Amino acid sequence: MEKRTLKDLLYEQVARIGKAVSSPKRLELLELLAQGEKTVETLAAELSVDIKLTSAHLKALREAHLVASRREGKYVVYRLAAPDVAGLWVTLRQVAEAHLAELRLTLEQMVAAPDRLAAVGREELLEQARRGELVVIDVRPVDEYATAHLPHARSLPVAEIEQRLDELPRDKEILAYCRGPFCLFADEAVALLQARGYRARKLSDGVSEWQAAGLPVVAA
């Protein structure tokens, strides 16, 4: 095989990954599946698109070997093919944030109140949580928490916070996190808690960011 032909084949294979993640909806699927296994129906509801289109996006990701599936009764359940796929999503997002002013502006608009963002570093947060000096809450759905969560975090889905306020101390700072910087569950939780008089802030990290930084998570 000629050298030029060989090089073309090599780049073509790598380009398969780029093509697979060239859709915004497919990127969102990777973020969702980084939280744990999900059925096509669940993913379609999260994306706010129909099942047929969701299946087409999943097929493209599967053909690039980024996701895998299994059948459970009448349902098809999808998962990431390997942990490094979650790292790929984090890296893509970080590179985009570093180079695209439009993305940075949009993120700034999401955080209308900068005081709602946690200022503590990751390792310091881990130590303070271990000592019980602050409370970390995971406001994602329970099944995502069960798959993997940050150390010392407690599960408190955003839909349940109003009914479970008595579980949270008023004399400690509360840090809420969800699926990562693009997820709005933590913003909703912080707004609700601050309105009720709690000292609450958002942690931009999700489990994928924590793992990408080489820090531990509690996994099932």
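Which element gives the most to the lining of the largest pocket? Helix 2, with five residues.

Some ground rules. This is a predicted model, where local features need pLDDT of at least 70 and side-chain atom pairs count only at pLDDT 80 or more, while totals for chains, interfaces and linings use all residues. Residues are numbered from 1 along each chain as its sequence is written, and side-chain values use heavy atoms, with hydrogens and water left out. Helices (H or I, at least four residues) and strands (E, at least two) are DSSP runs, numbered from the N terminus. Two strands pair if DSSP finds at least two bridges between them.

Three strands form an open sheet in the order 1-3-2. Strand 1 and strand 2 are the edge strands, each pairing on one side only. Strand 1, residues 38-39, joins strand 3 through two bridges. There, T39 has V77 as its bridge partner. Strand 2, residues 67-72, pairs with strand 3 over six bridges. E72 sits opposite Y75. Strand 2 and strand 3 make a hairpin with two residues between them. In the turn, G73 has a positive phi of about 65 degrees.

What lies across strand 2 and strand 3? Helix 4 does, running at about 120 degrees to strand 2. A word on geometry: axes are lines fitted to C-alpha atoms, for helices over the stretch in contact, and angles run from 0 to 180 degrees between N-to-C directions. Contact means heavy atoms within 4.5 Å.

Four strands, open, order 6-4-7-8. Strand 6 (153-155) and strand 8 (200-202) stand at the edges with a single partner strand each, so one side of each has no neighbour in the sheet. The twist averages 30 degrees from one strand to the next. Strand 4, residues 134-138, pairs with strand 6 over three bridges. V136 stands opposite A153 there.

Helix 7, residues 122-131, lies across strand 4 and strand 7 (173-177), at about 105 degrees to strand 4. Helix 9, residues 185-195, touches strand 4, strand 7 and strand 8. The direction of helix 9 makes about 165 degrees with that of strand 8.

Next, helix on helix. Two packed helices are described by the angle between their axes and the distance between the axes. Take helix 2 (residues 24-33) and helix 4 (residues 51-63). Their axes come within 10 Å and cross at roughly 80 degrees. The two are therefore roughly perpendicular, a label for angles of 65 to 115 degrees; under 35 counts as roughly parallel, over 145 as roughly antiparallel, and the rest as oblique. Helix 2 brings K25, R26, L29, L30 and L33 to the contact. Helix 4 brings T54, H57, L58, A60 and L61. By class, that is six nonpolar, two polar and two charged residues. For the classes, Ala, Val, Leu, Ile, Met, Phe, Trp, Tyr, Cys and Pro count as nonpolar, Asp, Glu, Lys and Arg as charged, and the others, Gly among them, as polar.

The second pair is helix 5 (83-99) and helix 6 (101-110). Their axes are 5 Å apart, at an angle of about 100 degrees. That again makes the pair roughly perpendicular. R93, A96, E97, A98 and H99 of helix 5 meet A101, L103, R104 and L107 of helix 6. This contact has five nonpolar, one polar and three charged residues.

Back to the pockets. On a 1 Å grid over the protein atoms alone, a pocket is an open set of points with protein on both sides within 12 Å along at least five of seven lines, for a 1.4 Å probe, and lining residues have an atom within 4 Å of a point. Volume is the space filled by probe spheres set on the points, which are joined across faces, edges and corners.

The largest pocket has a volume of about 430 Å³. Of its 18 lining residues, E28, E31, W89, F182 and C183 are closest to the centre. Helix 2, helix 5, helix 6 and helix 9 each give two or more residues. The lining has twelve nonpolar, no polar and six charged residues.

The second largest pocket has about 300 Å³. It is lined by 19 residues, with L33, A34, P83, T147 and Q211 nearest its centre. Helix 10 (207-212) gives the most, three residues. Its lining divides into ten nonpolar, five polar and four charged.
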